[in-house]
Amino acid sequence: MIKVGVVGASGYVGGELLRLLVVHPDVELSVLTSRQNAGEYVHRIHPSLKGFIDLTFSPMEMDKIVNQCDLVFVSVPHGNALNIVKDLYSTGVKIVDLSADFRLKNAEDYVKWYGWEHPFSDLLSKSVYGIPEIHRNEIKEAKLVSCPGCMAVTSILALKPLLENKFIDTSHIIVDSKIGSSGAGANDSTGTHHAMRYGVIRPYKPSKHRHTGEIEQELSVVSGEKIKVSMSPHAVNLVRGILTTNHVFLNSPRSEIELWKAYRNSYKEEPFIRLIRDKKGLYKFPDPKFVVGSNFCDVGFDMDENTNRIVALSASDNLMKGAAGSAIQNMNLMCGFNETSGLRYTPLTPV
Amino acid sequence: MKKECKDCGAELTIPQDSMVGEIITCPDCGTDFEIVSKTEDTVEMKEAESVGEDWGQ
């Protein structure tokens, strides 16, 4: 049993972390911070947790956190985690950071994708990118794990088997993502009001989305060569869920059975990856409808022999495998727990 | 008895008491196979016809 803290516990990701942690068998919640809601009971901000937790939010006090926690989740907006993670790291406490502040390995990529110079670039090499399906052994030894972006992890997992097996032309990788409103976080803007958000299919960043940098970084690790991707995300009329439709082109003809084998070989031992390509039933290809509330990333593919194209598909719950679920999976590995501890939820259907 | 799915390579389990004409469904990809002949040790199957779904007309 370890004691954990959550810095920035009042947002949507913070709430999802608490939903998982209050019933996790190996964890005791210790300190939950919220600058805006210090002193308030958690259930007033996260109503669904009423009856599960009687703690109140605390202000951000580094000494208290370090003294009372073995591991800390940092769940604050991009840019705000920099100093918190740096200070925590120097104390020796284990850290799972859910912001983007330590995801990229190359400091220059922060200028390119985020528009600011990274002030603690020496820490970037200490941080492990938190996709267990790629970095499991490094995560087990890590003091600092940086959880992936929600759309990034979802598309990376769809494309990984194709790159590992060198099946595709790496100069044309097109990532199309659709994401629900909870991906925009708990802070409002004019675009998040119901009247402006309901019913949208909003191409909110057709090019140069910041998750592109992480996808390129990790697919380069997987393939052993420098990868570039073209990414276009859309905000759609869901609360939870991501679908990524990844268009790639075969470098030589492959049979359907070869693709099946490639996907099976990549993921046969993975507890949170399900292969979905079924000719029958309700669930024929990955669809976020069937992963809500779970840590699954469902992966599948289709072939277009006419253009030599593979459509690699993946679906996840952006708050789970896309954020808090990955964070718990990483914590389990860092602490030597069963990797699936506190995460074996069947998806909520229908919802 | 075990066979390999011709479409996806998954392992198909053929029940001992299955009969010619019976449909065996792949648990992974959903392809239907019809048993066309069967002895104590062997089974021959062919892909069964099915009607697909099409939207957007």
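This is a predicted model: local features need pLDDT of at least 70, side-chain atom pairs count only at pLDDT 80 or more; totals for chains, interfaces and linings use all residues.
Figure 1. Nine residues of chain A and 14 residues of chain B make up the contact. Three salt bridges are counted between chain A and chain B. In one of the salt bridges, the side chains of A:Arg264 and B:Asp28 meet with an N to O distance of 2.8 Å. Eight residue pairs, both members at pLDDT 80 or more, are in polar contact between chain A and chain B.

Figure 2. Domain 1 of chain A gives 11 residues to the contact, and domain 2 of chain A gives 15 residues. About 1200 Å² is buried between domain 1 and domain 2 of chain A, with 50% of it on carbon and sulfur atoms. Within domain 1 of chain A, the residues that lose the most area to domain 2 are A:Tyr12, A:Arg103 and A:Trp113, together 49% of what that side buries.

**Figure 3. Salt bridges and polar contacts between domain 1 and domain 2 of chain A.** Two salt bridges are found across the interface of domain 1 and domain 2 of chain A. The side chains of A:Glu16 and A:Arg240 form a salt bridge, at 2.7 Å from N to O. Five residue pairs, both members at pLDDT 80 or more, are in polar contact between domain 1 and domain 2 of chain A. On the side of domain 1 that touches domain 2, the elements giving two or more residues are α1 (12-21) and α5 (107-114) of chain A. By class, this side of domain 1 of chain A has five charged, four nonpolar and two polar residues.

Figure 4. A:His234 counts as buried because its relative accessible area is 16%, under the 20% cut-off. Apart from neighbours within four places in sequence, A:His234 is in contact with A:Asp176, A:Ser177, A:Lys178 and A:Ile179, and also with A:Arg202, A:Pro203 and A:Tyr204.

**Figure 5. The segment after α11 of chain A, with A:Leu348 and A:Pro350.** A:Leu348 is in the segment after α11 (320-334) of chain A. A:Leu348 has a relative accessible area of 53%, over the 50% cut-off, and is therefore classed as exposed. Residues up to four places away in sequence aside, A:Leu348 touches A:Lys289 and A:Val292. Between A:Leu348 and A:Ile276 there are 72 residues of sequence separation and 17 Å from C-alpha to C-alpha. A:Pro350 is in the segment after α11 of chain A, and a cis peptide bond with omega of about -5 degrees joins A:Thr349 to A:Pro350.

**Figure 6. Positive phi at A:Lys166 and A:Asn308, neither of them a glycine.** Phi of A:Lys166 is about 55 degrees. A:Lys166 sits in the loop between α7 (150-164) and β7 (174-179) of chain A. For A:Asn308, phi is near 65 degrees. The loop between β12 (297-304) and β13 (309-316) of chain A contains A:Asn308. A:Asn308 is partly exposed, with 31% relative accessibility.

Conventions. Residues are numbered from 1 along each chain as its sequence is written. Chains are lettered from A and ligands numbered from 1 in the order in which they are written. Side-chain values use heavy atoms; hydrogens and water are left out. Contact means heavy atoms within 4.5 Å. A salt bridge is a side-chain nitrogen of Lys or Arg within 4 Å of a carboxyl oxygen of Asp or Glu. A polar contact is a pair of N or O atoms within 3.5 Å; within protein, one must be able to donate a hydrogen and the other to accept it, and residues adjacent in sequence count only if both atoms are side-chain atoms. Buried area is the accessible area (1.4 Å probe) that two parts lose on being put together, summed over both. Helices (H or I, at least four residues) and strands (E, at least two) are DSSP runs, numbered from the N terminus. Ala, Val, Leu, Ile, Met, Phe, Trp, Tyr, Cys and Pro count as nonpolar, Asp, Glu, Lys and Arg as charged, and the others, Gly among them, as polar. Buried means under 20% relative accessible area, exposed over 50%, partly exposed in between (1.4 Å probe, protein chains only).
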